[in-house]
Structures are given as C-alpha cells and as structure tokens.
Amino acid sequence: LFENKKQKIEVVCKIASLRANRIMLNQVLSNLLENAAKYADDNALVKVSWESQGEFNTLTVSDSGPGISEEHLSRVFERFYRVQNGKVKSGVLGTGLGLSIVRNCMLRHRGRVEVDSLPGRGTVFTCYFPKNV
C-alpha cells in the first residue's frame with residue numbers, strides 16, 4: 001500500500017528492547033500500519049515511534065488521514081465496526097477486525113491501546129507494553 005500511494009514511513013526507536021510475543025507484536029504493527037496506509041493521503045508521511053514512558057514501552061503509529069470523529073472513537077476497537085466517512089471509498093477495503101485484533105493482542109500483553117484523533121488532522125494509535133511482564 002505504501003508504495004502504491006507514494007507514502008513514506010518515518011521510524012524512531014528510543015528503546016533498546018521490548019518483551020512481547022513476536023507473532024502478536026507483528027499483528028499489532030501490521031494492522032496499525034495497514035490502517036495508516038489506507039487512510040492517509042497519497043505522498044503522506046506515516047510516523048512510527050518506539051519509546052520508554054515510565055512503566056511502559058510505547059508503540060505509536062500516526063497518520064495524516066481524515067481522522068475519526070468523536071462519535072466513533074469509543075467504538076473503533078469493536079469487532080466488525082467500520083467508520084463510514086467520506087474517505088471510505090471503493091479502494092479502501094476491510095472487515096472491521098484489525099483494531100479489535102490490536103486491542104486483544106495488547107490485552108494479552110497486559111497492556112492497552114489508545115486512539116487520539118481529530119477530523120481533518122489524522123489519527124494516532126498508542127500501544128502501551130508494560131515493562132515488567
């Protein structure tokens with residue numbers, strides 16, 4: 001997806017290690033990156049960062065897509081839920097399972113995932129992995 005839309009990915013890593021299930025971590029990262037690529041505009045920059053914040057190591061994926069209105073934010077992690085807005089068009093496919101899978105993987109790691117978004121300004125997903133698991 002990134003190549004088709006000529007998008008770029010910026011990765012910043014400020015942690016030395018992360019204790020996580022490799023398969024679930026891959027699922028979290030791939031689902032968040034796929035969503036960012038789908039909804040960000042052509043030539044957009046998608047940012048990925050790994051940081052240490054107190055008791056957690058965080059993974060943040062941010063895009064400059066259309067954003068998610070407040071009425072949908074509380075439901076984006078529900079299975080089969082899809083936000084219907086002007087950006088969802090024939091080229092943007094999905095089942096509404098990706099973010100539910102992300103949430104479940106984070107719960108299995110005794111962590112959490114949060115979303116911050118404003119319509120017209122993009123979306124930021126932050127995953128919190130406890131350091132002491």
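Biologist: Leaving aside neighbours within four places in sequence, which residues is S49 in contact with?

Modeller: Keep in mind that this is a predicted model. A contact is a pair of residues with heavy atoms within 4.5 Å. Once the neighbours within four places in sequence are set aside, S49 is in contact with V12, T58, L59 and T60.

Biologist: Where in the secondary structure is S49 placed?

Modeller: S49 belongs to strand 2, which covers residues 45–53. The protein chain has three helices and five strands, and their order from the N terminus is β-α-β-β-α-α-β-β.

Biologist: Is S49 buried or exposed?

Modeller: The cut-off for buried is a relative accessible area under 20%. S49 has 14%, so S49 counts as buried. Across the protein chain, buried residues are 44% of the 133.

Biologist: What does the radius of gyration say about the protein chain?

Modeller: The value is set against the one for a compact globule. For 133 residues that would be near 14 Å, and the protein chain agrees because its own value is 14 Å. The box filled by the C-alpha atoms, along the principal axes, is roughly 45 × 30 × 25 Å.

Biologist: How many positive and negative side chains does the protein chain have?

Modeller: There are 19 positive and 13 negative side chains, with 6 Å between the centres of the two sets. As for the surface, the protein chain exposes about 8,100 Å², and 48% of that comes from carbon and sulfur atoms.

Methods:
Residues numbered from 1 in each chain as written. Predicted model: local features only at pLDDT ≥ 70, side-chain atom pairs only at ≥ 80, totals over all residues. Heavy atoms only, no water. Helix = DSSP H or I, 4+ residues; strand = E, 2+ residues; numbered from the N terminus. Rg over C-alpha atoms; globule rule 2.2 N^0.38 Å. Buried < 20%, exposed > 50% of the residue type's maximum accessible area, 1.4 Å probe, protein only. Areas by Shrake-Rupley, 256 points an atom, 1.4 Å probe, with all protein chains shown as cover. Lys, Arg positive; Asp, Glu negative; His and termini not counted. Charge placed at Lys NZ, Arg CZ, Asp CG, Glu CD.
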